[in-house]
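Dear colleague,

I am passing the structure on to you with this message, and my notes on what was found in it follow directly below. Please read them with the coordinates open beside you.

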Amino acid sequence: MERRFRLVLSCPDRVGIVAMVSNFISSHGGSIADANQHSDPSTGWFFMRVEIRAESLPFSLEELRNAFSPIAQSFNMTWEIHDSAQPRKVILMASRQSHCLADLLHRYHEGELDCEIPCVISNHDDLRSMVEWHNIPYFHVPVDKENKTEHFEQVSKLIREHEADTVVLARYMQILPSDICAEYERRIINIHHSFLPSFAGAKPYHQAHERGVKLIGATCHYVTEDLDAGPIIDQDVIRISHQDTPEEMVRLGRDVEKMVLSRGLRWHLQDRILVQGNKTVVFN
């Protein structure tokens, strides 16, 4: 694929932001391949994502960052520039359920996800053969229910050793401690069913079946210290009826979870998500 620099920014809304960014790019001979912007009248905040054809600029990535920095400072921007030629390292974490992990590994194998997967971490050994078929290292880190500190220390060590840019909880059923959440803020992605908080705990689909729900779905979000309450990246639903058994609901729910998680990760890897507070702007 064509190499591109992706500029994403947010700042207080004011006149001249688009013109200043566009003029900066054009003044250096840059060619804009894609551009999106959004002005939020409720917060007075501006969001923008621009893809620039890398070969059209006379800069390296670092030189581009240095050249753009004065403009960013003058507009009080929160900003990043990424190079599409530098894929991010994504560590996948799972427990026993395989559907989300298997789906992401398949998409990775087929080239649908622009990233590297240096390893998979799990608190069970059930999924080892599937992961190793993809020639990806698998780390089994057991959990002592009475003392989980050692488990999370080892998990944190593995994440650092493999220099992960992003961590995806592909149905990893342990609650991450606050220090890991803080260290990898906006870089840990999770998936959960749409029944929270109504049907929390064991067998949520069975609880929903007993209540006669008509819609089931899933939510993909960034992880924060507040359990399942981080900024939402993507959501989807599917309609069901009284004819669907709890087992059928579980199957349909897994389908939605896979789709929502893969979309959320893809958007994250493509720098399409900007976070403000506990909300997101997603240029998809």
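Asn 76 sits in the loop between H2 and S4, where helices (H or I, at least four residues) and strands (E, at least two) are DSSP runs numbered from the N terminus. Its phi is near 55 degrees, a positive value in a residue other than glycine. With a relative accessibility of 52%, Asn 76 counts as exposed; on the scale used here, buried means under 20% relative accessible area, exposed over 50% and partly exposed in between, with a 1.4 Å probe and protein chains only. Glu 163, in the loop between H5 and S9, also has a positive phi, of about 50 degrees, although it is not a glycine, and Glu 163 counts as exposed at 52% relative accessibility.

Before going further, please keep in mind that this is a predicted model, in which local features need pLDDT of at least 70 and side-chain atom pairs count only at pLDDT 80 or more, while totals for chains, interfaces and linings use all residues. Residues are numbered from 1 along each chain as its sequence is written, and side-chain values use heavy atoms, with hydrogens and water left out.

The structure holds two aromatic pairs, a term that covers rings of Phe, Tyr and Trp (its six-membered ring) whose centres lie within 6.5 Å, with planes under 30 degrees apart counted as stacked, over 60 as edge-to-face and the rest as tilted.

Turning to charges, side chains of opposite charge can pair when their charged atoms come close. A search of the whole structure finds 24 salt bridges, each defined as a side-chain nitrogen of Lys or Arg within 4 Å of a carboxyl oxygen of Asp or Glu. Among them is the bridge between the side chains of Asp 83 and Arg 3, at 2.6 Å from N to O, which links strand S4 with the segment before strand S1 (4–12) across 80 residues of sequence. Asp 83 is buried, with a relative accessible area of 4%, while Arg 3 is partly exposed at 33%.

Another salt bridge joins the side chains of Arg 160 and Glu 183 (3.0 Å, N to O). Arg 160 lies in helix H5 and Glu 183 in helix H6 (residues 178–183), so the bridge ties together parts that are 23 residues apart in sequence. Arg 160 is partly exposed, with a relative accessible area of 48%, and Glu 183 is partly exposed at 34%.

A further bridge is made by the side chains of Arg 171 and Glu 257 (3.8 Å, N to O). Here Arg 171 is in the loop between strand S9 (166–169) and H6, and Glu 257 is in helix H8 (residues 246–269), so the parts that are tied together are 86 residues apart in sequence. Arg 171 is buried, and so is Glu 257. Apart from these individual bridges, Glu 2, Arg 4, Asp 34, Arg 49, Glu 51 and Arg 53 are linked in a network of salt bridges.

Finally, helix H8 also contains Val 260, which counts as buried at 0% relative accessibility. Val 260 and Gln 235 are 25 residues apart in sequence, and their C-alpha atoms are 6.2 Å apart in space.

With kind regards
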